[in-house]
Amino acid sequence: MAERAGKAFSRALRSTPVRLALALVAVFAVVHLVTLGLAYLSLRAELVDRMQADLRQHLAGFEVVASPRAAEILVAAEAAAADPARRVFAYIAPDGRVTGNAQARLARDGVEISAQPEGRPLSPDGYLPLVQPLAGGILVIAESRTPLAELRRTFLWLLALSLVPSAALSLGAGVWLARRAERRVARIESVLDALTRGDLAARLPVNNADLQDADDLTRIAAQINRMAEAQQSATEALRQVSADIAHDLRTPLQRLSVTLQDLAAQLPEDAPAHDLARRAQDEADSAIAMFRALLQIAQIEGGSARDAFEPVDLVALCRELAELYAPSAEDGGHVLTAALPEGAVVVHAHRTLISQALSNLIENALRHTPQGTPIEIRLQQGASEIALVVADHGPGIPEAERPRVTRRLYRLERSRATPGNGLGLALVDAIARAHGGRLVLEDNRPGLRASLVLPVAPAQSIQSAPQIAAVDMQVPTLRQRLALDLGARGQKKGVGIAQHEIDAGLRVGCRHDDAKGTPVHHA
């Protein structure tokens with residue numbers, strides 16, 4: 001409870017409206033303190049002047065004294081009539097004898113006043129003294145500082161009774177107003193987060209008819225709504241253009257690839273034209289793969305993938321991919337291992353996209369590490385996040401290059417001679433952001449540790465995970481096996497179309513139809 005309250009207080013202090021309220025209360029308190037302080041100093045100076053005038057008036061009555069004896073008699077008479085707690089009269093004769101209602105002794109920094117033996121008590125607040133030579137001796141008249149102390153206590157009480165309640169009321173009102181503003185800011189942040197995740201239909205409640213008289217937050221909300229509408233319109237137009245491009249170019253590109261395969265198959269293998277046809281086919285396949293990856297990234301960033309989110313068991317998924325890539329790793333001289341926890345670890349995600357992201361990370365490690373390099377798949381579970389980790393001990397990625405490798409078509413200089421198009425990590429990064437997660441690239445000392453960090457699935461999703469995940473594993477797994485088998489055997493004719501259809505199926509995925517009990521495709 002205390003920790004939760006501390007976190008809430010810390011979060012409130014980081015809020016700009018709350019900080020503004022605290023700043024206004026601080027300004028009010030400072031102004032109040034300065035005003036009361038100046039008033040106190042003015043009244044105190046006036047009181048000191050009045051006390052010193054009284055002392056000079058009493059001193060004037062002793063100026064007619066001509067002898068020490070006369071001075072002692074006059075001081076004794078005044079002292080007998082005066083209360084030493086209010087006013088002190090003392091005369092130090094030339095021989096050092098003290099006459100008066102208190103003892104007085106000259107000191108380096110003034111005069112020291114003490115009570116007479118068996119005399120009346122003195123003021124506890126000290127004295128304001130006036131020292132004057134008289135008839136060969138020293139006359140001391142001192143006024144009690146009690147009025148000054150009472151003035152100070154009065155102002156302290158006034159400060160406490162006026163500043164503390166006023167500051168408390170101002171702080172309460174300021175925090176209340178700040179919390180209202182904070183709730184509005186929180187709604188704006190929530191809509192911005194939804195827009196960032198790809199939910200371009202998110203809007204803030206705004207009455208557009210009253211914008212001329214609206215406050216700043218309402219005007220900001222209206223601007224965000226207009227921005228979101230423009231972004232949604234542009235994204236929908238982009239999706240339409242992408243769909244048109246996919247529809248118009250997919251078939252010609254696939255036919256070109258198949259035609260090149262047929263041409264290569266009909267030419268003698270020792271003919272120069274055969275190698276030329278093979279190279280042309282490879283370039284066509286590369287163009288198809290690049291086009292498919294760019295289109296898929298655009299579709300993911302458009303937010304359409306969230307409609308197919310469902311509970312996914314990451315342990316089963318990692319184990320399946322580790323099994324599928326084990327032969328390929330063995331053929332390349334790599335050692336692929338999986339360190340996975342027991343039991344299911346479930347996230348709410350697009351299963352096919354997560355599978356593709358993990359596949360990209362594994363392929364990236366297989367492609368860019370030398371033979372004999374160990375590659376490990378790990379699953380690290382935290383309180384609010386789960387990380388799919390692919391770690392290797394290869395050359396790694398320089399720290400300065402890590403922010404750049406998630407850009408589209410960006411490749412390291414040393415990787416330009418290896419197969420690829422610079423879209424693998426860009427696709428993984430897009431998939432991570434579509435799930436509200438992130439791609440983290442770190443030094444594995446040596447090598448690279450790539451972590452696909454995802455938020456933990458809600459409780460209701462975890463409860464329904466086993467049934468859905470079990471059915472979801474069937475069809476994509478068979479397609480993945482077919483894809484790997486086709487690639488491993490190096491099939492010639494028909495590989496392009498088969499591979500394309502497999503990848504299209506992987507992007508579509510599979511969902512369990514509860515009504516019929518059979519797997520059905522979904523977009």
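In which sense do β10 and strand β11 pair, parallel or antiparallel, and over how many bridges? Before I answer, note that this is a predicted model. The sense is antiparallel, with 7 bridges between β10 and β11. You can find strand β11 at residues 385–392, and strand β10 at residues 374–381. The two form a hairpin, with 3 residues between them.

β10 has another pairing, with strand β8, residues 335–339. Here the sense is parallel, and there are 5 bridges. In this pairing, Ala339 stands opposite Arg378 in β10. As a general point, side chains in a regular strand alternate between the two faces of the sheet.

Now the record. An unreviewed UniProt entry lists residues 20–41 and 155–178 under "transmembrane region". What does the model show there? Residues 20–41 are 100% helix and 0% strand, and the C-alpha atoms at the ends of this span lie 31 Å apart. Residues 155–178 are also 100% helix and 0% strand, with 32 Å between the end C-alpha atoms.

Last, the whole chain. The protein chain has 13 helices and 15 strands. Of its 523 residues, 39% are buried. Among contacts with a separation of 6 or more, 65% are between residues 24 or more positions apart. The accessible surface is about 29400 Å², and carbon and sulfur atoms account for 56% of that surface.

That is all I have.

Conventions
Residues numbered from 1 in each chain as written. Predicted model: local features only at pLDDT ≥ 70, side-chain atom pairs only at ≥ 80, totals over all residues. Heavy atoms only, no water. Pairing = 2+ DSSP bridges. Helix = DSSP H or I, 4+ residues; strand = E, 2+ residues; numbered from the N terminus. Buried < 20%, exposed > 50% of the residue type's maximum accessible area, 1.4 Å probe, protein only. Contact = heavy atoms within 4.5 Å. Areas by Shrake-Rupley, 256 points an atom, 1.4 Å probe, with all protein chains shown as cover. UniProt positions renumbered as here; feature names shortened; annotations may be inferred.
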